[in-house]
Amino acid sequence: EPVVAIKGLKKTYHGEDGDKTALHDIDLTVDKGDIYGIIGLSGAGKSTLVRCINGLEKYDEGSLVVLGEEVGELSTKELRALRRDIGMIFQSFNLMPSRTVAGNVELPLLDTGADKAARAARVEELLDLVDLRDKADAYPSELSGGQKQRVAIARALANNPSILLSDEATSALDPNTTKSILKLLRRLHDTLGLTVIIITHQMSVIKQVCNKVAVIDQGTIVERGKVFDIFVNP
Ligand code: ADP
Ligand code: ADP
């Protein structure tokens, strides 16, 4: 059952110094339950692909179906609903410094209509999920990088998304912290039935946690398959 199905995707930027084709001939299918890694060097087109999946960037050609919907055909309102179904985490965590850990995790719940008590209960549940309950009242500046990313993961999961999209989320972390974050992603995948898409430039990330991988180079996918077949026992 595909969660993301991409066929013949093309995206060209039109800039002052000419056109730049960032993506072309992209075919990619992510099935429910995959931990799918997309790896490539800087400039390969990873961010553009992420923004197309989110509906933040328009594509020129091809089909991009996320959770059964052709993203290019969605209304603004439908796009907002789609984005609630895709939890996102980033290299820079994107936490609000003026809000506590609990306050940050609560943010996506504010426009759901849940009352204060229901939101507090959900925040507690989410902080349990990422082993950070004792930091509920701390501010982001008081946390380590790994703890900040756990907060961001809890926030990304607040509205029960079916996809977690990780955009270089471990790139600012040391190897041991990276390992513990990837273990957490694996556990969330196992317990919540999440489909996880991991964008990275680090081979070690792919090897540690992904079951499938696509290699993107100069805007297109040059290799793809099961991680075991490509990188472990080629
Ligand atoms: P090869 O890469 O040697 O062509 P594959 O079995 O990987 O062999 O691919 C066969 C066809 O299926 C290709 O057209 C490829 O684009 C498509 N394909 C394979 N895996 C995927 C995938 N995960 N998502 C989308 N298309 C795929
Ligand atoms: P990655 O995330 O893998 O580093 P990007 O998707 O950011 O790759 O970039 C892919 C290509 O598209 C690069 O050549 C980049 O310079 C170009 N690009 C990205 N964003 C824009 C933009 N807004 N305007 C013009 N070119 C862009």
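**Figure 1. Contacts in the predicted model.** Of the contacts between residues at least 6 apart in sequence, 69% join residues at least 24 apart in the chain. The structure is a predicted model. Its secondary structure consists of eight helices and 10 strands.

**Figure 2. Dimensions of the chain.** The C-alpha trace spans about 50 × 45 × 40 Å along its principal axes. The radius of gyration is 18 Å, which agrees with a compact globule, because a globule of 234 residues would have a value near 17 Å.

**Figure 3. Burial and accessible surface.** Of the 234 residues in the chain, 48% count as buried. The accessible surface of the chain comes to about 11,700 Å². Carbon and sulfur atoms account for 48% of that surface.

**Figure 4. Charges of the chain.** The chain carries 29 positive and 33 negative charges. The mean position of the positive charges and that of the negative charges are 4 Å apart.

Figure 5. Cysteine 52 has a relative accessible area of 0%. Residues under 20% relative accessible area count as buried, so cysteine 52 is buried. The search of the whole structure for disulfides finds zero.

Figure 6. The relative accessibility of cysteine 210 is 9%. This value places cysteine 210 among the buried residues, because the cut-off for burial is under 20%.

Definitions and conventions: Residues numbered from 1 in each chain as written. Chains lettered and ligands numbered in written order. Predicted model: local features only at pLDDT ≥ 70, side-chain atom pairs only at ≥ 80, totals over all residues. Heavy atoms only, no water. Helix = DSSP H or I, 4+ residues; strand = E, 2+ residues; numbered from the N terminus. Rg over C-alpha atoms; globule rule 2.2 N^0.38 Å. Buried < 20%, exposed > 50% of the residue type's maximum accessible area, 1.4 Å probe, protein only. Contact = heavy atoms within 4.5 Å. Areas by Shrake-Rupley, 256 points an atom, 1.4 Å probe, with all protein chains shown as cover. Lys, Arg positive; Asp, Glu negative; His and termini not counted. Charge placed at Lys NZ, Arg CZ, Asp CG, Glu CD. Disulfide = S-S within 2.5 Å.
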